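Here is a short tour of one structure, written for someone seeing it for the first time. Keep the view open while reading.

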Amino acid sequence: MDIKEKALQLKELIDEAESFVFFGGAGVSTESGIPDFRSSEGLYNDKKEAIPPERILSHTYFKMHPKEFFAFYKSKMVYTQAKPSVTHQALAKLEQEGKCKAVITQNIDGLHQMAGSKNVLELHGSIYRNYCIKCGRPYGLETVMTGEGAKLGEGRFEGIPVCNCGGIIKPDVVLYEESLDSSVLQESVSLIANTPLLIIGGTSLNVYPAAGLLQHFKGSHLVLINKESTPFDNNADLLIKGALGQVFEQLT
Ligand code: NAD
């Protein structure tokens with residue numbers, strides 16, 4: 001069966017179900033020009049990086065080497081020009097039609113909201129929320145990127161966004177060694193536990209605890225759409241090995 005036929009099968013499942021929940025990862029945004037982590041063109045295979053990205057994106061590294069952290073973060077994690085893809089747009093439309101109950105995402109790029117989705121649970125936070133680690137004052141992305149609204153440090157602190165109180169401004173994204181927001185996690189568990197149809201897309205399902213969410217699914221159909229194999233392929237009732245855009249363009 002080719003990808004178009006499988007997409008039509010998915011369309012039937014969506015039509016039959018009262019609603020569905022979508023759980024996605026970095027692969028949802030590759031068609032918006034944002035590289036994922038683990039595929040061959042992904043950030044983890046970028047041999048130019050001397051220090052592994054997992055280490056740079058850790059809480060310890062942020063604390064110990066904020067200048068290098070922000071240099072990496074600003075150049076590799078933030079894509080201000082990115083626009084929603086066919087998949088983001090289709091999910092927003094399906095929400096408006098009352099079919100997509102929620103999008104649970106591991107992405108931090110805000111593209112689901114930009115496409116118009118309202119009920120988005122961001123397991124790993126967002127580049128658009130930032131706060132001072134000393135006084136808690138919130139800041140937008142602009143301050144992190146350019147210092148506008150506060151300032152960027154100089155000398156040893158060059159390029160580091162600094163609050164007016166002197167504290168470092170930290171992106172509200174979950175770094176390695178940090179825990180997920182418990183209310184977002186609980187709501188995600190509840191949504192997955194109660195949906196009849198779960199559509200998972202663009203995630204290698206390698207990152208815990210996000211990947212562990214699957215064990216809560218008790219509904220009738222699990223759909224898995226990914227370019228590469230995942231450890232959960234055998235659990236899928238409908239497995240679509242291909243590009244999300246090719247599937248979602250058939251759904252609207
Ligand atoms: P991952 O890189 O581990 O896996 C992405 C998966 O998506 C791969 O298996 C790949 O084959 C697949 N894929 C890529 N493009 C696809 C497409 N067009 N259609 C279908 N499948 C496609 O990503 P992950 O599982 O989300 O975990 C990585 C972590 O990286 C997450 O915690 C996330 O926070 C972070 N991250 C976020 C962004 C973002 O916000 N856009 C980008 C990179 C990484």
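## The antiparallel sheet

Start with strand 4, residues 125–132, and strand 5: 2 bridges join them, and they run antiparallel. This is a predicted model. Within this pair, N130 has Y139 of strand 5 as its bridge partner.

The pair belongs to an open sheet of 3 strands, in the order 5-4-8, with antiparallel pairing. Strand 5 (138–139) and strand 8 (169–173) are at the edges; each has a single partner strand, so one side of each lacks a neighbour in the sheet. Helix 4, residues 66–76, packs on this sheet. Helix 4 touches strand 4 and strand 8, and its direction makes about 50° with that of strand 8.

## The parallel sheet

Now turn to the other arrangement of strands. Strands of a sheet pair through backbone hydrogen bonds, and the pairing can be parallel or antiparallel.

## Strand 2 and its partners

Strand 2 covers residues 100–105, and strand 1 covers residues 20–24. The two pair in the parallel sense over 5 bridges. V21 stands opposite A102 in strand 2, and G24 stands opposite T105 in strand 2.

Strand 2 also pairs with strand 3, again in the parallel sense, over 3 bridges. There, I104 stands opposite L121 in strand 3. How many residues of strand 2 are buried? The count is 5 of the 6, so strand 2 is largely enclosed by the rest of the structure.

## A buried aspartate

D233 sits in the loop between strand 10 (221–226) and strand 11. D233 is buried, yet it has no salt bridge. The nearest side chain of opposite charge is K241, 5.2 Å away. A salt bridge needs the charged atoms within 4 Å.

What does the side chain of D233 join through a polar contact? The partner is the side chain of T230, at 2.8 Å. Leaving aside residues up to four places away in sequence, D233 touches L224 and L239.

## Two positive phi values

Most residues other than glycine have a negative phi. E177 has a phi near 85°, a positive value in a residue other than glycine. E177 is found in the loop between strand 8 and helix 8 (182–194). Is E177 buried or exposed? E177 is exposed, with a relative accessible area of 57%.

L205 has a phi near 55°, again positive in a residue other than glycine. Its place is the loop between strand 9 (197–201) and strand 10. L205 is buried, with a relative accessible area of 2%.

Methods. Residues numbered from 1 in each chain as written. Predicted model: local features only at pLDDT ≥ 70, side-chain atom pairs only at ≥ 80, totals over all residues. Heavy atoms only, no water. Pairing = 2+ DSSP bridges. Helix = DSSP H or I, 4+ residues; strand = E, 2+ residues; numbered from the N terminus. Buried < 20%, exposed > 50% of the residue type's maximum accessible area, 1.4 Å probe, protein only. Lys, Arg positive; Asp, Glu negative; His and termini not counted. Polar contact = N/O pair within 3.5 Å; in protein donor to acceptor, adjacent residues only side chain to side chain. Contact = heavy atoms within 4.5 Å. Axes fitted to C-alpha atoms, helices over the stretch in contact; angles between N-to-C directions.
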